Amino acid sequence: DLPSSLFFPELTRSLHLCAMAPALRLSPMVTDIAESTTVAIFSKVTDMKSRGEKVNGALCVGQPDFPPPPDAIKATEEAAAKGLTSYTGVGGTLELRQAVSEYLKKEKQVAYKTDEIMIASGGKQAIYQVVMALCQKGDEVLVPAPYWTSYPDIVKLAGAAPVILETTAEHGYAIDAKALAAAIKPTTRMLIVCNPSNPTGCAMSQQQLEALADVLRKPENQHVYVLSDEIYERICFDGLEHVSFAALKDMWDRTLTINGFSKAFSMTGYRLGYLAAPKPIVQAATKLQSQITSCASSIGQYAGIAALKSDLGYIDEKVKELQEKRDMALELLASIPDVKCPTPGGAFYLFPDVSAYFGRSTSDGEVIKDSTELCLHLLAEYKVALVPGDAFGAERCLRLSYAATKDNIKDAISKLGTCLQALRASKKARM
């Protein structure tokens, strides 16, 4: 008989290589964290669309549906034409850091020098590096829930422990000062404040932020840093004026301000964000960045300068449109029985409680036990993608983004209503 390797040389080679490969052993750093649920669902939607399926995935990703400012687009083209395609300094170009400094001074009333600002490849990277720079094993980080999916795992990657600080829908998901005071311990290294919030849209007022600052000013609590994620700061509704945490009395030295260009400027694919903090902290985070990605995109940075110097009235008009979409989406949700949803003051998310439908069965007899199973059922049967609240530490809820066309919003919420009504008509299973 002739050897099989003569007919199947590639298979034989692959089997040989597999036999020689070491046993797969992943680092606990990877196995102890979860994949981003929002990214996973978006990937599933992309796969379904590539197979020719018609899916409404517009409400599952936190991405605006309007283009970046025209000046940013023009600058993108200009940077490429000028040949501005080389590496920049690790912490970003001086020109962009100066533009960020001027923006923060004018718009947020906080003063940062250029060496107190680091440009990163997105706000997420800036968060990761500053948490890595300041936290270690034995430290605890207070993470208000519902939380952005990445916060707990970023804390774990730094070797620290996330401690969940619960908030309630009854209080609009704002952080309660008394609960904060009770949660702080000698091992508490940091408090994360996302304002306005992803996933709830909660936009905390100056009075609410001052109440938190009062707790942190106490002598026994002055060891706690505040990571203030302000990526949605320009997207506030109903006349609310956003206040930067660093602008509060005595808070500048201990605040790590995160911001960027993905949300209000709608530049998600540019991957451009920044950290503003005391110089030694920025230096430490930049040192980490030098061993991770080096600099952010040179073209993206050039466009970022143009975005900050553009007419911000363009964004204000888009925020007005978002408020109209919020109101429309809230009205559509209100028509679905037993769905409860607070009115968000910012960002572009709704976070309705749909737990009244848990324990109901689908037409195939499948019992919907939680928000993850509900989202999977909604995607499979109704071709609508939403994000389960489990991913945000709130299993009773769903997150939907109304940074989408009105047609997509109407379609998604209408099908959610149809799905829930079908479940409502079924008998509740014994759990």
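Me: Which strand does helix α6 run at about 160° to?

Reply: This is a predicted model, where local features need pLDDT of at least 70, side-chain atom pairs count only at pLDDT 80 or more, and totals for chains, interfaces and linings use all residues. Residues are numbered from 1 along each chain as its sequence is written, and side-chain values use heavy atoms, with hydrogens and water left out. Helix α6 (residues 123-134) lies across β1, β4, β5, β6 and β7. The strand at about 160° to α6 is β6.

Me: In what order do the seven strands of the open sheet come?

Reply: Strands are DSSP runs of E, at least two residues; helices are runs of H or I, at least four. Two strands pair if DSSP finds at least two bridges between them. The pairing in this open sheet is mixed. The order is β1-β7-β6-β5-β4-β2-β3.

Me: Which are the edge strands?

Reply: An edge strand here pairs on one side only.

Me: Do β5 and β6 pair in the parallel or antiparallel sense?

Reply: Strand β5 covers residues 225-229 and strand β6 covers residues 255-260. Val226 stands opposite Thr255 in β6. Over four bridges, the sense is parallel.

Me: Is Val30 buried, partly exposed or exposed?

Reply: Val30 sits in helix α2 (residues 28-31). Buried means under 20% relative accessible area, exposed over 50%, and partly exposed in between (1.4 Å probe, protein chains only). Val30 has 45% relative accessibility, so it counts as partly exposed.

Conventions: Contact = heavy atoms within 4.5 Å. Axes fitted to C-alpha atoms, helices over the stretch in contact; angles between N-to-C directions.
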